[in-house]
Amino acid sequence: MKEIVPAPPAIVRNDYESIRELFAKNVVPSYGRFEIVLSHGAGSYLFDVTGKRYLDLGSGIAVCSLGHAHPAITEALGEQSKKLIHVSNLYFTEPQGRLAAEIVKRIGAGKCFFANSGAEANEGLFKLARKFGHDEGRFEILTATNSFHGRTLAGIAATGQDKVKKGFEPMMPGFRHIPYNDLEAARAAISPATVAIMIEGVQGEGGVTPATPEYLLGLRALCDEKKLLLLMDGVQCGHFRTGKFQSFQRILEGVPGGEKFLPDGLSMAKSLGGGFPIGAFWVRAPYQDLLGPGTHATTFGGTPLACAVALKIFSVIEAGKLDEQARKLGDWMKNELERLVQMYPTVVKNARGLGFMLGLELADKIPAFAVSDKPASIQFVNRMHEAGVMTIPAGTHVIRLLPALNLEPQEAAEGIAKIEELVKSLV
Ligand SMILES: Cc1ncc(COP(=O)(O)O)c(C=O)c1O
């Protein structure tokens, strides 16, 4: 897709201070924000209120699957909003049914529930697990160290990172953490109360760490043996980002036994709506009717408008073979990042990820960063902003690249060149 990138307005009005003031006075300061006030975007470019242009390699933390201001999304919003924006889930609507069918077609036999965010999709899976184990008194869900599953009370209890829990204790009971990619630790952690194991196919907030094929296949066998549900959080790593619809499909490609692998439940959000809020979870066929009438609901889940946008995104990705593009270009970018690791080991020490979900790990002590007590990842991202490129920090030392699926080859090259320039300057 060719985007026409608009030139900044002729007279640039600097609204930076006044907007910052509105936030300081009126918006709960729960986010650590960068000092940038954005005004508009087109394709993989964003513009701030001063007219500065940024190449967006973060896409709203893996959300804007078709970049910014994509005409197909604008059209879907316009067309559907003229017909029906919202009706209650007391009734049936065509877009929700069709979207569920699109998801089921790409994962396997089962059914979908629609929500509004990733955290909410995970909440639904936690309820599914509790319902599954209820009559036997089983309720405990094992999740991984360094995982991220959302900011609701159950989400922070499920998340394997202390920083999200601090100040909100006591945690909701029923979650314990196990080391990621360690099958024996999972087996050892199972108690009589355990009902499910939930993992991300590729840990995102934890620093871009893919599950190994052995871990996925081993967890499947373990869950079958112990009568546990295997739940996957595909909120960040899903929706073609790794080059396949879901990350497990990419991780297990060509692996003996991999073609038969399915989790029992899988959450989605982020790229599913390309920026329009929607979340969903898929449940494998044997458990698809566990949540019967009256057990789970949300007012805005699966509105005709959200589903029409998500359906349009599926068709644009399919028509443009954007999954293949993400895979090819993402693998090229990863090779380039690996080259930087070879060339500048005192600045970058590891490159990892799949497709358009990439992580670049910074070296422990970068002399230029010693002057500030901000984490190295934040300092690196700030300098990338100065260079006109948006990247996303993960933890204290990892930089994430999560571009739109329609990123163009020359844009990928531009991003890599700017990253290399910065890395070189930090040697
Ligand atoms: C893996 C994962 N799960 C869940 C969430 C929470 O999604 P949301 O912010 O839409 O609630 C996120 C958000 O970053 C995520 O990366």
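1. Helices H11 and H13 cross in a right-handed sense. A crossing is called left-handed if the near helix is turned anticlockwise from the far one by less than a right angle, and right-handed if clockwise. Helices here are DSSP runs of H or I with at least four residues, strands are runs of E with at least two, and both are numbered from the N terminus.

2. A word on the source. This is a predicted model: local features need pLDDT of at least 70, side-chain atom pairs count only at pLDDT 80 or more, and totals for chains, interfaces and linings use all residues. Residues are numbered from 1 along each chain as its sequence is written.

3. Back to the first pair. H11 spans residues 322–343 and H13 spans residues 409–425; their axes come within 11 Å and cross at roughly 15°. That angle makes H11 roughly parallel to H13. Angles under 35 degrees count as roughly parallel, over 145 as roughly antiparallel, 65 to 115 as roughly perpendicular and the rest as oblique. Axes are lines fitted to C-alpha atoms, for helices over the stretch in contact, and angles run from 0 to 180 degrees between N-to-C directions.

4. Who touches whom? On the H11 side are Leu329, Trp332, Met333, Glu336 and Leu340; on the H13 side, Pro409, Ala412, Ile416, Glu420 and Val423. By class, this contact of H11 with H13 has eight nonpolar, no polar and two charged residues. Contact means C-beta atoms, placed from the backbone, within 7 Å. Ala, Val, Leu, Ile, Met, Phe, Trp, Tyr, Cys and Pro count as nonpolar, Asp, Glu, Lys and Arg as charged, and the others, Gly among them, as polar.

5. The crossing of H3 and H10 is right-handed. H3 contributes Ala72, Ile73, Ala76, Leu77, Gln80 and Ser81; H10 contributes Pro304, Leu305, Ala308, Val309, Lys312 and Val316. By class, the contact of H3 with H10 has nine nonpolar, two polar and one charged residues.

6. Ala310 also lies in H10. Ala310 counts as buried, with 29 C-beta neighbours inside 10 Å. The cut-offs: buried is 20 or more other C-beta atoms within 10 Å of a residue's own, exposed is 12 or fewer, and partly exposed is in between, with C-beta atoms placed from the backbone. Leaving out residues up to four places away in sequence, Ala310 touches Leu99, Leu272, Gly273 and Ile278. Pro345 is 35 residues from Ala310 in sequence and 42 Å away in space, C-alpha to C-alpha.

7. Most residues other than glycine have a negative phi, and most peptide bonds are trans. Lys227 has a positive phi of about 60°. Lys227 sits in the loop between H8 (213–226) and S10 (229–233), and is exposed, with 12 C-beta neighbours inside 10 Å. His239 has a positive phi of about 55°. His239 lies in the loop between S10 and H9 (247–251), and is buried, with 31 other C-beta atoms within 10 Å. The peptide bond from Glu169 to Pro170 is cis, with omega near 0°. Pro170 is in the loop between H6 (153–158) and S6 (175–178).

8. Overall, the protein has 13 helices and 17 strands. Buried residues make up 48% of its 427 residues.

Conventions. Contact = placed C-beta atoms within 7 Å.
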